[in-house]
Amino acid sequence: MSSVVADSPVSPAPSRVHEAFEWIRSERIESLNLVVEEYRHRVTGAVHYHLAADKAENVFLVALRTVPMDSTGVAHILEHTALCGSRHYPVRDPFFMMIRRSLNTFMNAFTSSDWTAYPFASQNRKDFFNLMDVYLDAVFYSRLDRLDFAQEGHRVEFAEPDNPETDLVFKGVVFNEMKGAMSSPASTLWQTFTRYLFPTTTYHYNSGGDPECIPDLTYEQLKDFYRTHYHPSNAVFMTFGDIPAHEHHARIHDKALSAFEKLDVHIAVGDEKRYHAPVYVQESYACDEPGEVGDKTHLVMGWLLGPSINLKEQLEAHLLEGVLLDDSASPLRRALETTDLGSAPSPLCGLEASNREMSFVCGLEGSRPEHTRALEKLVLDVLEEVAEKGIEKSRVEAVLHQLELSQREIAGDGYPYGLQLILEGLSCATHRGDPVALLNLDPVLDELRELIQDPGYIPRLVRELLLDNMHRVHVTLVPDQALSARRDAAEAKRLADMKARMSDADKQAVVEQAKALAERQAQEDDPSILPKVGLEDIPAEMHIASGEQEDVAGVPVAFYPQGTNGLVYQQVVADLPALDDALLDVFPYYTYSLSQLGCGGRDYLETQILQSSVSGGVSASSSMRGAVDDEQRLKGFFVLSGKALARNHAALGKLMRDTLEAPRFDEYDRIRDLVAQQRAQREQSVTGNGHGLAMLAASSGMSPGAALSHRLRGLAGIRSLKSLDDSFDDPEQVKAFAGRLEALHEQVHQAPRQFLLVSEGERRRQVLEELEQAWARALPSADSFAHFAPAAVNARVRDAWITNTQVNFCAKAYKTVPVEHPDAAALAVLSGFLRNGYLHRAIREQGGAYGGGASHDSDNATFRFFSYRDPRLGETLDDFDRAVQWLVEEKHEWRLLEEAILGVISSIDKPASPAGEARDAFFSALHGRTPEQRQKVRRRILDVTLDDLRRVGETYLRPELASVAVIASPASEDACRELGLDIQHL
């Protein structure tokens, strides 16, 4: 698409260019309000893309093309091990040590299917360059100590490390991480699908590592992979923010690249060999749930498409994905949602555009193996109909509208905005495409607008990319209730055979390695080797967005002027009414389904079409928080949210009004489908968010907010959702449920309400007028209103939740104090203090869990310990207690306190998107967290002392007061009973 690049505005060369780098080009992207500059390092050939923007949150990323040709997880284990000490920073754990010594707004490392990246972000220049020094040294001068490989990757130890008579066991952080990851049926499905879609290239393998293959990786293989893949000649640098490129170059060259010559190795993913006929495969996944599993089969079919670096081909594939799958009115999604062949569309549905060659996938979950051919017919019939009859031009225009809106929106509520932009272009850059063209979508969107004027354009795409494309794979993934046991037996036999072959010297070597690793984990490194920021570098106050109070037809409106790049955000905020238990239990289904039903006289298909045409989505949610001085007094709000390009704000307001004024609770089949879809999504969340769900369960007896979180969106909520979905085999149950939804809606509809508007300041008058036009005649005027006020909660919990997982998630919770209490600040700091000083070493390094830590939830007055993807149970719960002992009994350096305070302040001060900052300020104030109150709490955090930490630990974290919740497998049920836990089956 050279024409696209030629049409883009070319910017002049920067005023200063570092002598070690060659400037290639600069291009302004108006829709993103930034300039992309491309450079090349003269000696090594390393590429650098700098996104020059007037943003103080600067972002750095260095990526290496990593193309493994097996499933040992070599790239993933190397990502971990590279961060365990380097030439200038020879400490055991510089990555986690720098997290504590920094004001970073983001620090991490990622292993993708064909690249490994090391990103960070900070608003503080000193901190930014500190982190850059450590990251550059870690990537290009890593020590790769054999013991770090054993800790992070894999090793064998005896069950009693110093007793060769006991059984051998596998250990390792990545080993346990991938056991957890592969507990998810969706992960198993994706790995199975790509293994057949890509028969010869790197995507055939599990880049994260298959737990059965990880122990095959040798230390020498790891070092060999590092030597070729972690060289500047194979690197891509990307930066974002207001630090000029020449400053980056000076640091990158002096600290890293100046010592390297060009490496004549070209690492790339080749073209995949193409099939000439569809491939059909059936495999199994581990399903440890008791009872009938006949309808738990996953069916997917997918096609291999063209290269992702061809911008026009990629945008055409995105367009086709949108036309077929964007919403419930899209023909393929509609067929998948309404068919009786399965319970919900597959989580794999959609376009995968980050690999070198793209893939398009669709399918079903909750199906049966015998439905494979029926699904194939269903999908091909839909595609054939689209190819024959075409698609209404308005539907195609709605997809382009969604692409334009996503291009314009300034995100940043998850990852930093600059990092999101970098990640959008990263795959293209690592495949030696043009990430600048990928970021500057406007020219190609204009071209696509021209192409869709031809009614035959979409039908041609359907035929070329899908119907006439024989590189198609069908995967039938069936549940196997004995697979986990067979895997465990195979692993036990492998270890037993390994031990049987060992000489006494071999056994002693295992004992010695375990001893050496334990000594290494116990050693205290000199932190002064690493750079740091201190409390003196912290700004005096946090930034809080400010708004202005308006009035529309007697209803309060908060208007926040923010730089939203042409978007308007509107929220309707209604007081939550008093609800009986029957209505409270349906509340999460109400918020999930409200905007996905028909409204205003339209059915849900027409409503979905309208939503896609005029908005970036409409959704319902709730906001509940305890009072600042009493966690037992819970305040709740219902929230209806929408966003749109400014030109569509008036239409958005009318759509939101219709959603609230006239929803269609008579669409029983739709309600049935939505509950099935919600069940599928919630069940998949357990292995990814198990620690969060365990913490909700452990703290559920400590406040009304915690109890409701567990009941409505936690493990208890997932169990209730499964029971509800199972009951819908009876159509009368669906009707009764719809009646409860409608009864709940009537109460919400009559509640007092207010509005939140976020847009650029110059649009203020316009958006307020549009709001009034949409809502003036649709505002409630209730004379009396009973507010939501659940009863106080005070109970201890000791539960074990049994589900389909290969690893555990452990949590312990203690009742504490709400945010206004003077001790709340010390408890917030204590969570980081315990994580940094004790839990990280005990839970992750020594225990082998992927993660562990602590947090204080001042909304619900609970202090929670947690572990994530953990091979242990009782030992981890004991480590939580030992952390408190360590706090109380040991003498601690002030440095550890400073690091913990830095972490809390960094989290508090982390910037969000323009709209996110406004929402945060508005809802915080709504719940009594005014700007003044928040600044006061922040000052208290800065004043916390070591004595404060010890005092609150002794006061609140007494083992006899703890509540416990774990998530474990059926094989661990007896162990949970021995711990005195009540068994709960999910």
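Let me start with Ala786, which sits in the loop between α29 and β23 (798–802), where helices (H or I, at least four residues) and strands (E, at least two) are DSSP runs numbered from the N terminus. Ala786 counts as partly exposed because its relative accessibility is 49%, on a scale where buried means under 20% relative accessible area, exposed over 50%, and partly exposed in between, computed with a 1.4 Å probe on protein chains only. If we set aside neighbours within four places in sequence, Ala786 is in contact with Leu576, Pro577 and Ala578, contact being heavy atoms within 4.5 Å.

A word on the model itself. This is a predicted model, in which local features need pLDDT of at least 70 and side-chain atom pairs count only at pLDDT 80 or more, while totals for chains, interfaces and linings use all residues. Residues are numbered from 1 along each chain as its sequence is written, and side-chain values use heavy atoms, with hydrogens and water left out. The chain averages a pLDDT of 94, and 99% of the residues score at least 70, pLDDT being the predictor's confidence in each residue, from 0 to 100. Over residues 1–8, however, pLDDT stays under 50, and the model has 14 contacts beyond four places in sequence for that stretch. Where pLDDT is low, the predicted coordinates should not be read in detail.

Now to the sheet. Six strands form an open, mixed sheet in the order β17-β18-β22-β19-β21-β20, where two strands pair if DSSP finds at least two bridges between them. β17 (548–552) and β20 (618–627) stand at the edges with a single partner strand each, so one side of each is left without a neighbour in the sheet. From one strand to the next, the twist averages 25 degrees; for angles in general, axes are lines fitted to C-alpha atoms, for helices over the stretch in contact, and the values run from 0 to 180 degrees between N-to-C directions. Strands β19 (residues 567–575) and β22 (residues 753–759) run antiparallel and are joined by six bridges, with Tyr569 having Val758 of β22 as its bridge partner. Helix α29 (residues 764–775) packs on this sheet, touching β17, β18 (555–561), β19 and β22, and its direction makes about 145 degrees with that of β22.

Which residues form the salt bridge between side chains with a distance of 2.4 Å, N to O? They are Arg764 and Glu548, a salt bridge being a side-chain nitrogen of Lys or Arg within 4 Å of a carboxyl oxygen of Asp or Glu. This pair links distant parts of the chain, with Arg764 in helix α29 and Glu548 in strand β17, 216 residues apart. Arg764 is partly exposed, at a relative accessible area of 31%, and Glu548 is partly exposed with a value of 31%.

By the same rule, the count comes to 76 salt bridges. Among them is the pair Arg92 and Glu845, at 2.6 Å from N to O, and both of these residues are buried. A network of salt bridges links Arg672, Arg679, Glu683, Lys722, Asp725 and Asp726.

Finally, helix α6 (residues 173–181) is mostly covered, with nine of its nine residues buried.
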